[in-house]
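Please look over the structure shown here before reading on.

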Amino acid sequence: MGAKVYFSPVITPEKVLELYKLLGKELPGKVAVKVHSGEKGNQNFLKPEFWKPMIDHVQGTVVECNTAYEGERNTTEKHLKLINYHGWSRSFPVDLLDAEGPDLKLEIPGGKAIKENYVGKNIVNYDSMLVLSHFKGHPMGGYGGAIKQLSIGVASSYGKAYIHGVGETEKIWSSDHDSFLEAMADAASSVVEFFNKKIVYVNVMKNMSVDCDCCAVAEDPCIADIGILVSDDPIAIDQACVDMVYACSDPGKPHLIERIESRNGVHTIEAAAELGYGERTYELIKV
């Protein structure tokens with residue numbers, strides 16, 4: 001049957017919480033809630049108000065990490081200022097995991113492209129994680145979902161460059177592309193291992209542009225909203241989202257599919273499945 005993936009075409013804050021409760025997996029202890037804080041100027045990222053019932057329910061702390069490229073989130077000072085501007089720190093406790101070094105190194109002995117991952121050291125203060133992802137396209141990964149949130153999202157600023165460069169930070173924008181996708185799958189595996197699978201994933205298929213929420217200037221959404229998905233399997237939930245894009249009847253879908261295919265985005269899912277921390281087969285439970 002595969003992993004259970006709960007799905008609803010109704011996109012509301014209350015529906016996110018309803019699907020989470022249906023999954024029936026309680027997150028123990030202190031919960032790190034990974035969000036995308038949104039680059040300044042981006043119009044598509046999901047705002048704090050949308051996530052508030054879910055985050056309040058788990059009494060979580062919103063966590064983020066600095067970026068590895070120019071913008072308003074590449075230093076602790078600028079990122080914290082933007083987090084407040086976007087309303088995150090006005091609604092929730094917030095922890096910038098790599099606000100101060102040194103980074104925490106997570107070993108990946110079975111990694112396909114990299115053998116270690118660098119994350120913000122504050123991650124050690126949490127017992128479980130809730131990964132809140134905005135599913136959409138991505139300029140490099142083809143698509144962004146749960147696996148990207150676990151990898152690039154949780155990595156420190158240095159760790160992001162390390163993943164992009166497949167272990168050579170100076171090659172951040174020039175590494176072999178498929179190896180970069182495999183490095184993302186590797187990095188995600190180390191976070192799953194760190195939390196001993198005490199993680200729940202929410203993917204929201206809304207405001208789906210071909211661009212990421214990290215883009216200050218992003219294209220507007222190209223297809224209609226599809227719904228909310230919740231699972232405890234990061235691979236299954238991403239696969240289900242990709243399948244839904246292909247299966248939808250929206251006339252704008254070729255643009256998003258071209259972005260996914262031109263970047264070989266599904267290879268991240270393939271590599272993650274080979275690493276074994278989830279599966280591509282799933283049971284879709286519509287609510």
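What follows describes a predicted model, starting with a pair of helices and moving on to pockets.

Begin with helix 7, residues 177-194, and helix 10, residues 266-275. The axes of these two helices come within 8 Å and cross at roughly 45°. An angle between 35 and 65 degrees counts as oblique, and helix 7 and helix 10 are therefore oblique to each other. Their crossing is right-handed. On the side of helix 7, the contact is made by Asp178, Leu181, Glu182, Met184, Ala185, Asp186 and Ser189, while helix 10 contributes His267, Thr268, Ala271, Ala272 and Leu275. By class, the residues of this contact are 6 nonpolar, 3 polar and 3 charged.

The largest pocket holds about 300 Å³ of space. It is lined by 24 residues, and those closest to its centre are Tyr69, His138, Lys148, Ile152 and Cys214. Helix 5 (146-153), helix 6 (157-164) and helix 7 are the elements that each give two or more residues to this lining. Helix 5 supplies the largest share, with 4 residues. The lining of the largest pocket divides into 12 nonpolar, 7 polar and 5 charged residues.

The second largest pocket holds about 210 Å³ of space. Among its 14 lining residues, Ser189, Ser190, Glu193, Leu275 and Tyr277 lie nearest the centre. Here helix 7 gives the largest share of the lining, 4 residues. The classes in this lining are 5 nonpolar, 6 polar and 3 charged. Ser189 and Leu275, which lie near the centre of the second largest pocket, also belong to the contact of helix 7 with helix 10.

Definitions and conventions: Residues numbered from 1 in each chain as written. Predicted model: local features only at pLDDT ≥ 70, side-chain atom pairs only at ≥ 80, totals over all residues. Heavy atoms only, no water. Axes fitted to C-alpha atoms, helices over the stretch in contact; angles between N-to-C directions. Parallel < 35°, antiparallel > 145°, perpendicular 65-115°, else oblique. Left-handed = near helix turned anticlockwise from the far one by under 90°. Contact = heavy atoms within 4.5 Å. Nonpolar A, V, L, I, M, F, W, Y, C, P; charged D, E, K, R; others polar. 1 Å grid on protein atoms, 1.4 Å probe; cavity = no way out; pocket = protein on both sides within 12 Å on 5 of 7 lines; lining within 4 Å. Points joined across faces, edges and corners; volume = space filled by probe spheres on them.
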